[in-house]
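Good morning, colleagues, and thank you for coming.

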Amino acid sequence: MTGHDRPDAGRVLLDGSLGEGGGHVLRLALSLSLITGRPFQLAGLREHREPAGLRPQHLAYVRGAEALCGGTSEGAVVGATELRFTPGPVRAGDYLLEAGASGSTPRLFQCLVYPLALAGGGRLTLRGGTHLRGGPSFHALVGAWLPVARAYGLPVQLTLTHAGFHPEGAGEFTAEVGAPAEPPVRVDLPARGVLREVRVMSFVGGLPFAVAERQSRAAVAALRERGILAEADNRPLAVTRSQGSATFVLAQFEHTVAAFTSLGERGLD
């Protein structure tokens, strides 16, 4: 009996005070539901937040999951604190999905990439925010997530079309997703190991290039104060309606990598 043949659904109760934890659990539940074929129900979603319940960016995860599998949902409206999702079989292929101005395309990608890969792969074209506060940036996906995914045998190629910053969003990137290795490659990461290299990348979109140079100087100086030497690389980003800046720090350790993103803010170095 496959997951799609089983009528049972798991019920998960969430404490609404978890804040963004509600969004994290929703993404995880959707991804696992698409992979296993099992429906689920969530309750208490952001019920103590202000505003309470699901926001438009959370609904983008649900709509994306529905698109991949033809599934159905109950309660997928702004303000809802309960949601039930029933998946169908995930279909390999190409998808164009909107995360919305406030929606994180990297988070939408992480919600859907594993089910799509296990179904045979395809292309995800995702539109919305690519560099937003409180979540991974596109460059964090490329610098930290992608090397580990490839090490496990998940072939993915990421391409940024144009960046999207808060509040307009309006960014876009594509992900070419292949089928994973069978069986997945075993990767042992017992510890990070010795720090080998630190790189600073400063990006600007729709702003003077001097902003990127100022950001990178500040980041390199802050690292030097802590005894860490780093090389800096300043780059412009293509944008449409949005503008913004970001400083990205990639730490290469002996066995793995760590990535850190800080978005620019007016009046700050």
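**A sheet, a helix and a loop residue**

R199 stands opposite L250, which belongs to strand β11. Please bear in mind throughout that the model is predicted.

Let me place that pair in its setting. Strand β9, residues 195-205, and strand β11, residues 244-253, pair in the antiparallel sense over 10 bridges. In general, strands of a sheet pair through backbone hydrogen bonds, in either a parallel or an antiparallel manner.

Both strands belong to an open sheet of four strands, in the order β10-β9-β11-β12, and the pairing is mixed. At the edges are β10 (231-236) and β12 (257-263), each of which pairs on one side only. On average, neighbouring strands of this sheet are turned by 15° against each other, direction ignored.

Helix α5, residues 209-225, lies across β9, β10 and β11, and runs at about 155° to β9.

I now turn to the loop residue. Where is T130 placed? T130 is in the loop between β6 (122-129) and α4 (138-151).

Is T130 buried or exposed? T130 counts as buried because its relative accessibility is 1%, and the cut-off for buried is under 20%.

What surrounds this residue? Leaving aside residues up to four places away in sequence, T130 touches a number of residues, including T105, P106, L160, H162, G171 and F173. P136, S137 and F138 are also among them.

Thank you for your attention.

How values were computed. Residues numbered from 1 in each chain as written. Predicted model: local features only at pLDDT ≥ 70, side-chain atom pairs only at ≥ 80, totals over all residues. Heavy atoms only, no water. Pairing = 2+ DSSP bridges. Helix = DSSP H or I, 4+ residues; strand = E, 2+ residues; numbered from the N terminus. Axes fitted to C-alpha atoms, helices over the stretch in contact; angles between N-to-C directions. Contact = heavy atoms within 4.5 Å. Buried < 20%, exposed > 50% of the residue type's maximum accessible area, 1.4 Å probe, protein only.
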